[in-house]
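Dear colleague,

I am passing on the structure below, and after it I describe what I found in it. Please read the notes with the model open beside them.

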Amino acid sequence: MAKPILVLKFGTASITTSKGELDEVVISEIARQVNVIHHKYNLVIVSSGAVGAGKRFLKNYSGTLNEKKAAASIGNPLLMNTYSRYFSPYGISIAQSLCERHHFSNRDQFLQLKKTYEKLWASNIIPIANENDVVSNLELKFSDNDELATLIAAGFGAEQVLFSTSVPGVLDGEGNVIPELDTSEKKVLLLANKEKSSTGLGGMTSKLNFARLANQMGIGVVIFGVRTEDGILKALEAKTGTLCHAQKINLPARKKWLASGSLVSGRIQIDAGACKALLKRHSLLAVGIIKILTGFENGEIIEILDEENNAVAVAKAKIASSALVKDFNVKNLEVAHADNIVLL
């Protein structure tokens, strides 16, 4: 049988020192622990740190978009070289995978990415993924690598994602680790400290948001401290950090891609009757649309909001918004077929 897929995500704050340099003690520990589990899983490591590693080489670095791109171009080879040095003694080869948003929004490109990873796994090579900061457009950037890790996990059918942090897990008001969470309720997001790390894009709010999305896709998540002794190994057994429980679902791979990996182009608002129809797994008809919030083309992905502006689904549009405006009241005009709608 094929090995289960496991995604490990390491943020900038997890693998760099307070000076912004790569923390080789942490990376050596990652390599040691990954060696223990390498034979059991098809692994993907999602690693930030390129910008953090490269920015110290730039004069008068202030964090502008162009400076971050330049820092990433310096830091990417440094990051990969460091991983390679510490994985090599275990006989483990690595491969660089620089991803952009369209690799997930376009299903054909997504499937090509998946086939590439499968070829690497067949040779026992671990892909190390990161956003392609050097060329990514601002509008098409991932929110952070927590999102990238979640898209890979959902699209590839991973069983579990481990999010490393610079703290031991999700903390309660008294600073104690919360051992497990049910993320089906949005109120869990209130547990997060609203501050992001000084070195990375994310923070606990990001991790909880994407843990919640992963759980909705049937994927288990553990948020753990990277500097915890044997943290990766213990997190796999839910013996450290915070376990976020996967929900029981049965979504085919294509619908997981729709729900998690698609780049939303348009947004529409629908009435209560249309919401009820979607919940009964019916198609979305034009007569249920209240307003087009953001225009879209035929075949693009749209986000569907209810009357209170809550996102209720994503879907692949069968008609462009420009044509839809003229035909709101046409009987039985399908805006999105039931097979191309995923409830959120």
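**Charge, size and surface**

The mean positions of the 39 positive and 34 negative charges of the protein lie 3 Å apart, where Lys and Arg count as positive and Asp and Glu as negative, with His and the chain ends not counted, and where the place of a charge is NZ of Lys, CZ of Arg, CG of Asp or CD of Glu. Please bear in mind that this is a predicted model, in which local features need pLDDT of at least 70 and side-chain atom pairs count only at pLDDT 80 or more, while totals for chains, interfaces and linings use all residues. Residues are numbered from 1 along each chain as its sequence is written, and side-chain values use heavy atoms, with hydrogens and water left out.

The protein has 12 helices and 15 strands, which are DSSP runs numbered from the N terminus (helices H or I, at least four residues; strands E, at least two). For 344 residues a compact globule would have a radius of gyration near 20 Å, and the 21 Å of the protein agrees with this; the radius is taken over C-alpha atoms, and the globule rule is 2.2 Å times the number of residues to the power 0.38. Of the 344 residues, 50% count as buried, meaning under 20% relative accessible area with a 1.4 Å probe and protein chains only.

Strand S12 (residues 301-305) is mostly covered, since five of its five residues are buried. In a regular strand the side chains alternate between the two faces of the sheet. Here Ile301, Glu303 and Leu305 point one way from S12, Ile302 and Ile304 point the other way, and all are buried.

Strand S9 (residues 264-270) runs parallel to S12 and is joined to it by five bridges (two strands pair if DSSP finds at least two bridges between them), and Val264 has Ile301 as its bridge partner in S12. With strand S13 (residues 311-316), S12 pairs in the antiparallel sense over five bridges, and Leu305 stands opposite Ala311 in S13. The hairpin of S12 and S13 has five residues between the strands, and Asn309 in this hairpin takes a positive phi near 65°.

**Asn42**

Asn42 lies in strand S2 (residues 42-47) and is buried, with a relative accessible area of 13%. Leaving aside residues up to four places away in sequence, Asn42 touches Lys3, Pro4, Ile5, Leu6 and Trp121, a contact being heavy atoms within 4.5 Å.

With best wishes
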